[in-house]
Amino acid sequence: MKEVLKAVVNVFLKMPLGFMVTIKYFFRKPVTLDYPHKKRPMAPRYRGRHYLERYDDGTERCVCCGLCAAACPADAIYMEPEENEKGERRARIYEINLLRCIFCGFCEEACPEEAIFLGHEYEFSDYERSSFLWTKEQMLVQHPRKDNPFKRIYRRVRKAYGAPDKIS
Amino acid sequence: MADDTRKKTTTKAVATVTLTIDGKSITVPKGTTVLEAALQNGIHIPTFCWHPKLKSVGACRMCYVEIEKMAKLQVSCATEAVEGMVVHTDSDNVKQGRRAIIEFILLNHPLDCPTCDKGGECDLQNLTFEHGYDDSRFDFRKSRFVDEGSTSTFDDVRIGPEIVLNRNRCILCYKCVRANKEAFGEYDLGAYERGNITQINSAPGEKVDNPFSGNLVEICPVGALTNSDWRYKIRVWLTKTTPSLCNFTSSGTNTLFYKEDHQNKIFRTTSRRNDDIDDGWLPDVTRYGYQIVNSPDRLRVPLIKKEGKQVEATWDEALDLIHKHFTEISDKMGSVCIGGLASPSLDNKSLYAFSKFFRTVLNSNNVDFRSDYRMLPPDAETVFSRLCSRPFKIADIDDSDVVFVFGSDLLREHPNEYLRMRKACNFNNARVFVVNPYATKAADIAALEAVYKVGSDEQAINGICLAAIDDNLVSGPKAKALAEKLSPLTLPETSKACGITVDDLRILARALAESRKISFMCGEIVTRSKERETITTAVSNLNLLFGLENKGQVASLARYANSGGACKLGVQPSPAPAVKDKLKEIWGGYPECEPHNTDSMLALMKKEEVAGFFVIGANPIMLHPDRQFVREGLEKLDFLVACDLFESETTEIADVVLPLCSWAEYDGEYVNLEGRSQRAERAVKPMFESRPGCEIIKLITAKYEKSLGEDEQLTSEIQQLLDLDSALPLPTEFMAVKVVVEDKQDEGFEIPLFVTDDPHHCGHLTEKSPSLTSFADDAYLEIGPDLAERLKLKEGDNVRVESPVGKVIVPARISEHIENDVVLIPRNFSSTPITSLLMRKKRIDRVTLSKVDS
């Protein structure tokens, strides 16, 4: 009888007590995500894949000055400048080799035009090495974009150069 | 004051002064500026507007120094060093002054370094980091030059075919304007407006397209002047530099290639200052000529002719074919029936290997390096070859008090010597005399520019001699002896014959007689003349009469990059006796067969007595003065091998075409017109399958199962030849000058034609350089305004130029400086076969001009 009682207590009292933590988590929101379908928002200063910014009127900010490539410790950036139809300096080729990149963010810091940023994308896997060579077209942000956090900076720059405000 | 300073330092500086700079006691010649004194002694003073080869202006005020007992900071570039002066270049006061100047310059200088091509090598950038404030205290809009209707945010203006100006970036150091004026004598760039809106710009309605315009970009301390050559191509820190030389002019101008190894590409050429040669100025042909190296039109693989068509082949096939045909020819007709023509722009080793291959392997004396000479000297011991071998020092032009140019358009032929001549005149008060059949661009500095009648070259020189005798400038036995030799000639007659007035002849004679140090230069009008022996005899008389060689230098200037080397290494049919003896000694034998030069080889080809021909680097069809003659000769050949960089008229008809390396693709040594041997290093890997000349010849030799020797052996043999003193003395006795009456003129052809080089081109390769073709891309007819008016020609009109043997249609270009009835056409463009107008046997080519109604 005593044995039976002990078993009943174990089952109905001690076991739930032992599983207390587990049971508690049954009713909590899970910490894991349904990964490929859902993604976790990254920290604001996370350094993922690069993107190239544009001005409000759609022209790319990058002038191909070469400072990012000079700052790059992994030598992952290659560029060739050209003269666009307005006579301004722009990149003809701008490539980042993501296999070489160590995501240190020096390019972002070196950029005098605030053109290159490290974004929040982190999924790099492919079947070919060549697909890790990201070109300018792949990295430029979409043109009419909803918000532009750089409007203020841009205005300040234009003002310093004494350019008319009409473009901004 | 600055002017005087310069003069004193460069002429004779006897008195010295001792001053103290930063506690260091320094002794310098009197008249030196404080800045120069400091720089000479390793004390660095930052500058923007100062340039070692220009007069000081003190425009930038960056070179502030503190001088004790002087109340304020002084600009050291315009302050003369004085005995006992105590100078501080590093005191707090000076630092404060420099900081203020940088801040002031940056007032209106845009901070667009990311888009500026000077970024990374900018004086302002460097000095701002070194001396400037971290931040600006001025918070207002920078002044900006915007052209109306411009949508660009860059404000760039194209002021010349190659030069782009950004006035916002300009810090008004005036270096470009001063160099243009003082060093190059050009006035197409100037400073306009006043005050805040002062701007550098091209002269109204003009373009900056002078033959030295590239230098303006190089000396700009900021990115205000850039050229399309380097603009938006690459960052300076990604490039490496290789020391090289100019392969187009004969001075051997020292250059620096900026190259990138991964792309195997040269991006620009800058100067590598060598005060003995170039003073740091590069003519545009030197600066932009490198572009042919990376041209996509380069010959890529060897071609061999199969069933009348050139098809691609491997090197081995091509070399086998050459060996097979050359042995066939020598077996059948003897090895004398093979000839060779090399380009005088090849390096020493290639030229030497070429000559050694022909003379030791083929046992033939038919080698030459002159494809474009009208008449080749029949013998090595002529007065002309003596004159050519005379030593000449470019730097000695500087302090000559008389610079005498005879029969040369220096600007086109020898741009470096032209700049030296300007320098001698502007900085050292030399008197410049130009005696030429047409007026040249040196007119503005020339004390007298005497234009003689075309074809009366020797009469002009005789006239000067006679004027000297007549004026008793020279007397005694000398005058008597010469007067005897020239006896039937009298001064008035000669003056009439040559078209220079008696007064002018007297002035020229007086200048020659009174000069203390003279530089006498003969140019292409003499060297390419059919009667050059007669002309040089007259020059030799002149030399004897005035003792010119005793008080300076007399020379006929070599024309191509390694003409000097070719002569010294004996790449002629009959080299100088000393060279010949040396070659016999080195090789242990020398072919005894009769030597033939290019002209006689071509004549033999027509008679089918020369059947095999090997051309390396040269293009005789384009450059030889008788196009038809050359073409007929080459077409009769059994076997023609042509090695060149590009497809040309000669490679078109060749049986085997081999791609040749340019001078930037291998290490080579070149001998300039002074006889100075200089080295050009390999900058890039050989393009496509091209190979250096020396290697090609070695490969062919290997097919004969022979060897020309290892590299070291060749180098030491070349050195032995270069060490020979090849200078032959000019005659020491007066000689009679036969008066040449011009051949009978063809009826109706009256206007003398000179075929020269375009100021932006040289030889047949430069037309492949995009930058140089932006200055001139096709032949044109240069004509004086008077003649143009008489023929009712306007700028740009198409003109039919007809000679007894051919005709071409070219646009007219009116040159203000040509005053008499002569016309000039450049020979550098393959699209217009100018040489088809010329006749080999005529002294003067005469043409008729008629307007083509479009």
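Which residue in β4(B) is the bridge partner of B:V65?

Tutor: Happy to walk you through this. This is a predicted model, in which local features need pLDDT of at least 70, side-chain atom pairs count only at pLDDT 80 or more, and totals for chains, interfaces and linings use all residues. Residues are numbered from 1 along each chain as its sequence is written, chains are lettered from A and ligands numbered from 1 in the order in which they are written, and side-chain values use heavy atoms, with hydrogens and water left out.

The partner you asked about is B:Q74, which bridges to B:V65. Their strands, β3 (residues 64-67) and β4 (residues 74-75) of chain B, are paired antiparallel over two bridges. As for terms, strands (E, at least two residues) and helices (H or I, at least four) are DSSP runs numbered from the N terminus, and two strands pair if DSSP finds at least two bridges between them. Six residues lie between β3(B) and β4(B) in a hairpin, and in the turn B:K69 has a positive phi of about 75°.

β3(B) has another partner in strand β5 (residues 86-88) of chain B, again antiparallel and over two bridges. Here B:I67 is opposite B:V87.

Now step back to the whole sheet. It is an open one of five strands in chain B, ordered β2-β1-β5-β3-β4, and its pairing is mixed. Its edges are β2 (24-29) and β4 of chain B, each of which pairs on one side only. At the β2 end, strand β1 (residues 16-21) of chain B runs antiparallel to β2(B), joined by six bridges. One position to look for there is B:T20, opposite B:S25 in β2(B).

B:K53 and B:D275 form a salt bridge with N and O 3.2 Å apart, the term meaning a side-chain nitrogen of Lys or Arg within 4 Å of a carboxyl oxygen of Asp or Glu. The partners are 222 residues apart: B:K53 is in the loop between α2 (34-40) and β3 of chain B, while B:D275 is in the loop between β13 (265-271) and α7 (284-288) of chain B. Over all chains, the whole structure has 58 salt bridges.

Next, the meeting of chain B with chain A. The contact (heavy atoms within 4.5 Å) involves 21 residues of chain B and 23 residues of chain A. About 1,800 Å² is buried between the two chains, 52% of it from carbon and sulfur atoms; buried area here is the accessible area (1.4 Å probe) that two parts lose on being put together, summed over both. On the chain B side, B:P114, B:R141 and B:Y232 lose the most area to chain A, together 32% of what that side buries. Two salt bridges cross this interface, and A:R89 makes one with B:D117, where the closest N and O atoms are 3.3 Å apart.

Chain A has a sheet of its own to set beside the one you asked about. It is open, with three strands in the order β2-β3-β5 and antiparallel pairing. Its edge strands are β2 (77-83) and β5 (133-134) of chain A, each pairing on one side only. Strand β3 (residues 89-97) of chain A is joined to β5(A) by two bridges in the antiparallel sense, and A:I96 has A:W134 as its bridge partner.

The area buried between domain 4 and domain 5 of chain B is about 1,600 Å², with 55% from carbon and sulfur atoms. On the domain 4 side, B:R412, B:Y438 and B:V454 supply 44% of the area buried against domain 5 of chain B, more than any other three residues. Four salt bridges are counted between domain 4 and domain 5 of chain B, and B:R843 also meets B:D457 in a salt bridge at 2.9 Å, N to O.
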